[in-house]
Amino acid sequence: MSAPAAPALPPPSRPPAWLWILPRVALLLSSVAIAVLLWLLHRSEVDEQHQALIGDALWIEQDLRFHLDRHVDLLRSLGLDRVSNQIDAQKYELRARHILGSGEGIVQILFVDASGAVRSTLPVQSAERMVGEALGTSPAPDTFRLAMQLGTPQYSSAYHVVGQDAQFEIHVPLFYGNQFAGAMVGIYSLRTLLAQLVPWWFAERYKLNVVDDNRAVLASKTNVTARDAVDEHTVPFDPPGHGLMLQLLSYGGSTPMLPLLLVATIIALSMAIVWSLRALRRHILGRHEAERALRAEHAFRKAMEDSLVTGMVAVDHEGRVSYVNPAFCRMVGWPEDELTGHAPPLPFWPPEETQRPPGWGGAENSPPPGPGRELRLLRKDGERIDTLVHEAPLIDASGTQTGWLASVLDITARKRAEELARAQQERLQLTSRLVTMGELASTLAHELNQPLAAIASYNAGCLNRLEHDDYDRAEIIEASRKLGTQAQRAGQIIRRIHEFVRRSAPKRAACDLAAVIEDAVGLIEPDARKRQVRFALDLPQPLPRVLADRGMIEQVILNLLRNAIDAMQETAPAQRVAAIGVGREDGTLVVGVADRGCGIGPEVAAKLFAPFFTTKETGMGMGLNICRSIVELHQGQLWFEPREGGGTVFRFSLPLAAP
Amino acid sequence: MSEPRAHIVDDDEAIRDAISWLFRSRGVANSTWPSAEAFLDSYRPDLVGCLVLDVRMDGMSGLELFDRLLTRGCVMPVIFLTGHGDVPLAVAALKKGAYDFIEKPFNDNELVNRVLEALAIDAAHRQNLANKASLESRLATLTAREREVMELILAGRLNKLIADELSIAVRTVEVHRARIFEKMRVRSAVELSQLLPPKR
């Protein structure tokens with residue numbers, strides 16, 4: 001769009017409320033969904049861990065039972081071999097020690113005979129292994145009895161022993177030839193059992209407790225530093241029986257990194273979304289503020305444009321009007337809607353004007369020359385107005401020229417005033433010339449009388465001769481010739497007067513300054529003669545021509561000559577010489593008029609060129625003022641300086657005419 | 001004594017020449033002078049005729065020249081040539097005894113007529129002067145007694161009364177009377193009284 005500004009902006013756009021609510025709700029819902037998902041994920045993981053816990057608990061229970069069952073077999077085999085006397089005591093001890101050395105939780109092997117007396121203890125009981133008083137004797141007689149009666153291996157209840165340990169026993173009944181022959185008793189240390197049978201990797205993950213039915217921990221194994229357990233599973237540790245349970249505690253262990261990372265990512269992304277939403281909102285609010293400011297600015301500019309008295313017109317490259325302001329519409333009287341979009345020829349162009357500016361229907365794209373130009377425009381009512389137009393290229397945001405913008409100033413009134421002032425100046429000059437002529441009238445009349453008197457005399461003389469027939473032909477011819485000369489002389493005077501006062505439009509033309517000076521001198525000479533002033537003319541020949549209006553320059557010279565004559569009234573008659581000289585200076589001719597008067601005092605000099613300032617009794621005070629304006633009109637200068645040897649020289653310069 | 005002529009004093013050569021030509025066409029003898037000073041330089045009391053003076057001239061004006069001539073006893077009639085603005089000057093000149101003034105441009109032969117009149121007046125004046133001079137010389141020849149007798153004759157006394165008054169003989173009075181008539185070149189007492197205007 002090449003127009004500098006659209007006449008009106010669209011109404012302010014406020015984003016609908018839902019636009020703000022929707023992303024918030026969506027964000028909230030997605031947060032909830034993600035939370036639920038995470039929770040579910042967590043749950044499933046916990047479940048899974050729990051299942052694994054249960055599996056592991058069952059596995060360790062099975063493993064322990066397997067070992068214990070194997071020990072039962074080993075003990076039974078050993079016991080039977082002893083009962084059957086197939087092995088001697090030495091061999092028995094070797095095998096028992098082998099079982100003990102397997103390091104699978106069994107700490108003591110006893111052989112009890114059918115009467116219940118301990119016949120062999122390996123290793124020999126130590127003080128530390130003393131059974132607690134409260135818990136009865138070892139091996140436990142009731143378990144022995146039960147094993148004997150049932151004929152199956154029986155486990156005793158666990159009991160505390162010295163050294164924070166707990167022990168239980170297995171009684172393996174021995175039958176030799178259907179005869180109860182005693183029992184093999186294995187004493188297990190729970191602590192050792194766990195230490196030796198629970199594998200290291202298991203201990204890395206869980207804490208394994210052996211608890212009794214009072215939930216008192218009898219033994220435990222773990223490599224995990226103690227902290228609050230997150231999960232547990234308890235399975236009955238049945239083979240030893242009697243309420244022992246295996247309690248498996250899980251500490252959560254190493255939480256897997258991937259879900260954590262996922263959660264962190266999701267949280268980070270959610271925060272990023274929240275942040276970007278906030279930033280977006282801030283940005284949009286900023287845009288809103290900018291738009292509001294722009295709107296205010298636009299309103300201000302519009303008011304400014306409307307209040308301007310300078311007309312503004314924008315045209316595109318085709319010369320189509322893209323914008324006009326109200327001032328221009330008022331100026332040319334065309335309404336805005338008729339002008340906007342109008343293609344050339346534009347209605348405000350007077351048909352007689354052919355020189356159109358580049359933007360205004362002209363073809364060329366060259367920038368308009370000069371600071372401004374005067375153009376004549378056509379009003380709708382047919383009246384012509386003078387305008388001063390300044391043009392500037394119209395540049396859009398991307399820097400390309402889209403047309404021209406012109407500011408138009410109505411200078412009709414100014415032009416008229418100038419015209420009037422010029423006319424008045426002309427009238428003033430003419431009046432001044434007439435006044436000058438009036439002052440010279442009496443001497444000029446005398447001057448004109450001279451040739452007329454001579455003519456009359458020659459004529460009368462000729463008639464006298466002719467009437468009396470006593471004439472000499474040659475004499476008459478001579479007299480007639482002289483008469484003609486005098487008639488020419490009279491004519492010359494009349495011509496000078498006429499040329500001087502002739503009212504004509506100022507016309508500058510190349511003219512011969514010497515002739516102008518001679519005419520001026522011719523007009524004033526009678527007056528000068530009467531006042532005993534002589535002229536000394538120094539006119540080098542040939543003089544280059546100057547560009548000037550002859551009448552005006554003659555007026556200047558005449559005024560200066562009259563001033564010179566007036567200045568010398570107090571001078572001795574012999575000194576009364578007005579010198580007129582012409583010289584060339586830097587492309588100008590300088591005319592000097594010098595007198596031998598009393599000079600010009602500083603007080604007078606200051607006001608010399610002011611209008612209505614005069615030192616003469618009957619002066620009008622306009623002479624030098626007019627002289628100066630005439631010379632300045634000719635691009636010249638008028639000044640004065642003291643003359644060497646007394647008096648004043650007035651000088652003025654005039655530009656030379658082009659050769 | 002030089003010949004009577006019109007003396008034209010004008011600084012304008014054309015005017016001088018034209019007037020001179022006009023005068024000659026009417027047979028008026030004339031001479032021209034380019035300035036008042038030039039005329040004054042060559043002025044001699046025996047110049048006769050009349051003067052035609054331009055009032056306005058470079059240098060000495062016509063009126064000034066007129067004043068100068070008056071002081072030098074010039075009696076030639078003076079005709080002034082004036083422009084139309086100079087009438088008051090001319091009137092002043094008339095009061096001082098100028099003969100006339102003519103306004104330029106003048107009417108053909110009017111100037112010549114005036115000049116001719118002036119020349120005639122000058123001639124008459126000179127004649128008058130000459131007569132006066134001869135009377136004086138005749139009176140100068142009379143003796144003292146004859147003068148006394150002539151006074152009484154002019155007073156209208158008869159011879160007898162004159163003789164009584166002067167205490168001389170009647171006869172002597174008669175002789176004196178005859179001698180007076182002879183010397184004054186008159187034939188009667190009436191002629192004598194015409195010649196000599198009565199004294200105040």
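The legends below describe close-up views of a predicted model.

In this predicted model, local features need pLDDT of at least 70 and side-chain atom pairs count only at pLDDT 80 or more, whereas totals for chains, interfaces and linings use all residues. Residues are numbered from 1 along each chain as its sequence is written, chains are lettered from A and ligands numbered from 1 in the order in which they are written, and side-chain values use heavy atoms, with hydrogens and water left out.

**View 1. The interface between chain A and chain B.** Here 26 residues of chain A are in contact with 25 residues of chain B (contact means heavy atoms within 4.5 Å). The size of an interface is often given as the accessible area lost when the parts come together. The area buried between chain A and chain B is about 2100 Å², and carbon and sulfur atoms give 54% of it (buried area is the accessible area, found with a 1.4 Å probe, that two parts lose on being put together, summed over both).

**View 2. A salt bridge between chain A and chain B.** Lys482(A) forms a salt bridge with Asp17(B), with the closest N and O atoms 2.6 Å apart (a salt bridge is a side-chain nitrogen of Lys or Arg within 4 Å of a carboxyl oxygen of Asp or Glu). Between chain A and chain B the count is three salt bridges. On chain A, the elements that give two or more residues to the side touching chain B are α9 (412–468), α10 (473–501) and α11 (513–530) (helices, H or I, of at least four residues and strands, E, of at least two are DSSP runs, numbered from the N terminus). Of these, α9(A) gives the most, with 17 residues.

**View 3. Helices α1 and α2 of chain A.** Helix α1 (residues 17–83) and helix α2 (residues 89–101) of chain A pack at an angle of about 175°, their axes 10 Å apart (axes are lines fitted to C-alpha atoms, for helices over the stretch in contact, and angles run from 0 to 180 degrees between N-to-C directions). α1(A) is therefore roughly antiparallel to α2(A) (the term for angles over 145 degrees). Residues of α1(A), including Leu74(A) and Leu78(A), meet residues of α2(A), including Tyr92(A) and Ile99(A). Arg95(A) forms a salt bridge with Asp81(A), the closest N and O atoms being 2.4 Å apart. Arg95(A) lies in α2 and Asp81(A) in α1 of chain A, so this pair ties together parts that are 14 residues apart in sequence.

**View 4. Backbone features in two loops of chain A.** Most residues other than glycine have a negative phi, and most peptide bonds are trans. The peptide bond from Gln541(A) to Pro542(A) is cis, with omega near -5°, and Pro542(A) is in the loop between β17 (534–538) and β18 (546–548). Gln635(A), a residue other than glycine, has a positive phi near 60°.

Note on methods:
Angles under 35 degrees count as roughly parallel, over 145 as roughly antiparallel, 65 to 115 as roughly perpendicular and the rest as oblique.
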